[in-house]
Amino acid sequence: MENPSAEWKLPWDGGCRCGKVRLRVTLPPIVTMACHCTGCQRMSSSAFSLTMAVPTPGFQILSGEPVVGGLHGASKHMFCGYCMTWMFTRPEGMDDFVNLRPTMLDNPGWFVPFIETFTNEKLPWATTPAAHSYATLPDPSLYEGLMREFAEKGARPR
């Protein structure tokens with residue numbers, strides 16, 4: 001494909017609940033996910049968190065300054081300092097992408113999780129339409145194939 005951004009109808013803009021932090025995505029996600037771990041349940045106040053891995057060069061903050069929240073560990077969970085919306089995560093040792101909460105986008109209706117993780121911790125009633133499910137995390141040897149499959153078959157904005 002010559003211009004994947006055109007197929008994905010990029011760029012996408014978004015922001016936190018109060019609008020003080022605004023962001024832009026200019027490259028397609030490499031995979032979309034739902035995480036059922038208890039940490040994500042607590043941090044999102046929901047049954048699971050939703051994530052889209054965006055290549056770092058395709059992610060920018062347009063206005064405002066996100067602050068570190070959550071556990072304040074090696075992985076940086078970034079929040080709006082005013083409304084405290086959990087916006088994105090910069091995972092430790094994975095500088096090639098940013099895990100953006102897709103509901104930060106102005107138009108997130110196209111989002112579908114392609115994989116779901118930590119199903120061993122999920123609430124009994126929580127289900128997703130994810131194509132692949134893992135009790136914890138996928139074996140690292142599977143990621144290349146999962147990302148390739150997502151690029152070929154993953155959801156596209158309408």
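1. Start with W110: in this predicted model, W110 has 6% relative accessibility, so this tryptophan counts as buried, the cut-off being under 20%. W12 gets the label too, because its relative accessibility is 8%.

2. W12 and W110 make a tilted aromatic pair, with 5.1 Å from centre to centre and 35° between the planes.

3. Eight strands build an open sheet with mixed pairing, and you can trace the order as β6-β7-β8-β9-β4-β3-β10-β11. At the edges you'll find β6 (67-69) and β11 (132-133), each of which pairs on one side only. Helix α3 (residues 143-153) packs on this sheet and touches β3 (31-35), β10 (115-117) and β11. The direction of α3 makes about 115° with that of β3.

4. Zoom in on one strand pairing. Strands β4 (residues 49-55) and β9 (residues 97-100) run antiparallel and are joined by four bridges. If you want a spot to look at, find A53, which stands opposite N99 in β9.

5. Finally, check out two charges over rings. R101 lies over the face of W86, at 4.0 Å from the ring centre. The charged end of K20 sits over the ring of Y82, 4.7 Å from its centre.

Key:
Residues are numbered from 1 along each chain as its sequence is written. This is a predicted model: local features need pLDDT of at least 70, side-chain atom pairs count only at pLDDT 80 or more; totals for chains, interfaces and linings use all residues. Side-chain values use heavy atoms; hydrogens and water are left out. Two strands pair if DSSP finds at least two bridges between them. Helices (H or I, at least four residues) and strands (E, at least two) are DSSP runs, numbered from the N terminus. Contact means heavy atoms within 4.5 Å. Axes are lines fitted to C-alpha atoms, for helices over the stretch in contact, and angles run from 0 to 180 degrees between N-to-C directions. Rings of Phe, Tyr and Trp (its six-membered ring) pair if their centres lie within 6.5 Å; planes under 30 degrees apart count as stacked, over 60 as edge-to-face and the rest as tilted. Buried means under 20% relative accessible area, exposed over 50%, partly exposed in between (1.4 Å probe, protein chains only). A charge sits over a ring if NZ of Lys or CZ of Arg is within 6 Å of the ring centre and within 35 degrees of the ring normal.
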